[in-house]
Amino acid sequence: MKILFGLLFAITSVSAYAIPQAPFNALEVKSAPDASLALAYDFEGIVKLSNCSGSLIIFAGMPITAKAIVMTNGHCIQKPGGYLNPGEVFHNRPISRAMKIFDRDMKLFPIQATKILYATMTNTDVAFYELDQNYVQIMQATNVRPFILDGVHPVQGTSIDIISGYWDRGYSCDIDSFIFKMKEGAWTWNDSIRYTSTCDTIGGTSGSPIIARGERRVVGINNTSNEDGQVCTLNNPCEVNENGDINAAQGVRYGQQTFNVYTCLTPSFEFDLTSPLCELPN
């Protein structure tokens with residue numbers, strides 16, 4: 001099985017996908033992560049989904065007795081028939097989805113999601129799953145702490161790590177800039193995060209948290225890259241500035257903002273999409 005995993009990695013690392021074409025079900029493949037990765041990256045709380053990556057996050061101020069939350073991309077939720085349409089939102093939808101979570105030594109533990117609290121591919125690309133256990137129960141069972149989801153806009157030049165549960169690997173780079181609008185196929189995302197070149201993420205890294213290096217603070221979520229140099233097509237996002245000028249370059253990678261999620265949370269940390277302060281699509 002280790003040989004199979006290595007072969008799959010060798011084949012698929014050449015061909016990456018933005019809105020991901022995950023090459024295999026990561027939950028069915030027994031991976032053999034390099035022990036040195038646990039020293040180079042903080043895997044505690046990184047989540048492995050069948051088709052994507054994710055992270056165990058907690059909102060700032062949220063009690064650890066609350067049901068735990070996993071964050072991934074909206075395009076990772078396995079909607080029957082394809083991706084979420086522009087303008088489409090999932091809110092408080094019961095589901096059953098198995099996942100696995102890493103501890104600090106890269107040991108994996110099973111976890112179970114029971115609800116999609118929120119998911120969209122409009123303006124941003126994010127989904128939040130509610131688990132069947134609270135943070136206390138997870139910490140007692142796995143010794144895994146959540147990452148804190150940051151509530152402020154990230155800063156250009158911030159050193160970041162992007163850690164993939166799907167691939168059991170990490171990437172390090174900086175936030176290069178912020179993109180006014182980004183278009184990919186039918187979808188448009190606002191204020192996207194562009195990375196410097198060393199974060200050469202590949203298909204399956206979608207949903208990975210963007211972590212402020214050396215901290216347990218998530219400042220965004222990885223979601224896409226321009227694979228072929230095409231302009232505004234699926235797997236080839238383009239950048240649009242305030243004047244409507246369009247630019248696209250092969251190999252550029254991007255993530256999405258997550259700080260504005262806080263504008264839609266009630267004092268009890270539930271999603272209230274009807275709030276006049278909410279900046280997420282409803």
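Reader: Which residue takes a positive phi in the hairpin of E11 and E12?

Author: Let's begin with the terms: helices (H or I, at least four residues) and strands (E, at least two) are DSSP runs, numbered from the N terminus. Two strands pair if DSSP finds at least two bridges between them. In this hairpin, four residues lie between the strands, and Gly214 has a positive phi near 85 degrees. Strand E11 (residues 209-212) and E12 pair in the antiparallel sense, over three bridges. Pro209, for instance, has Ile221 as its bridge partner in E12.

Reader: What should I know about the model itself?

Author: This is a predicted model, where local features need pLDDT of at least 70 and side-chain atom pairs count only at pLDDT 80 or more, while totals for chains, interfaces and linings use all residues. Residues are numbered from 1 along each chain as its sequence is written, and side-chain values use heavy atoms, with hydrogens and water left out.

Reader: In which sense do E12 and strand E15 pair?

Author: E12 and E15 (residues 253-256) are antiparallel, with four bridges. Strand E7 (residues 147-149), by contrast, runs parallel to E12 and is joined to E12 by two bridges. Ile148 has Arg217 as its bridge partner in E12.

Reader: Is strand E12 mostly covered or mostly open?

Author: Buried means under 20% relative accessible area, exposed over 50%, and partly exposed in between (1.4 Å probe, protein chains only). In E12 (residues 217-225), eight of the nine residues are buried, so by this definition the strand is mostly covered. As a general idea, side chains in a regular strand alternate between the two faces of the sheet. Across the protein, 54% of the 282 residues count as buried.

Reader: Where is Ser36, and how exposed is it?

Author: Ser36 sits in the loop between helix H1 (2-12) and helix H2 (37-40). Ser36 is partly exposed, at 40% relative accessible area.

Reader: How many helices and strands does the protein have?

Author: There are three helices and 15 strands. The radius of gyration is 17 Å, close to the 19 Å that the globule rule gives for 282 residues, so the protein is as compact as a globular protein of that length. That radius is taken over C-alpha atoms, and the rule is 2.2 Å times the number of residues to the power 0.38.
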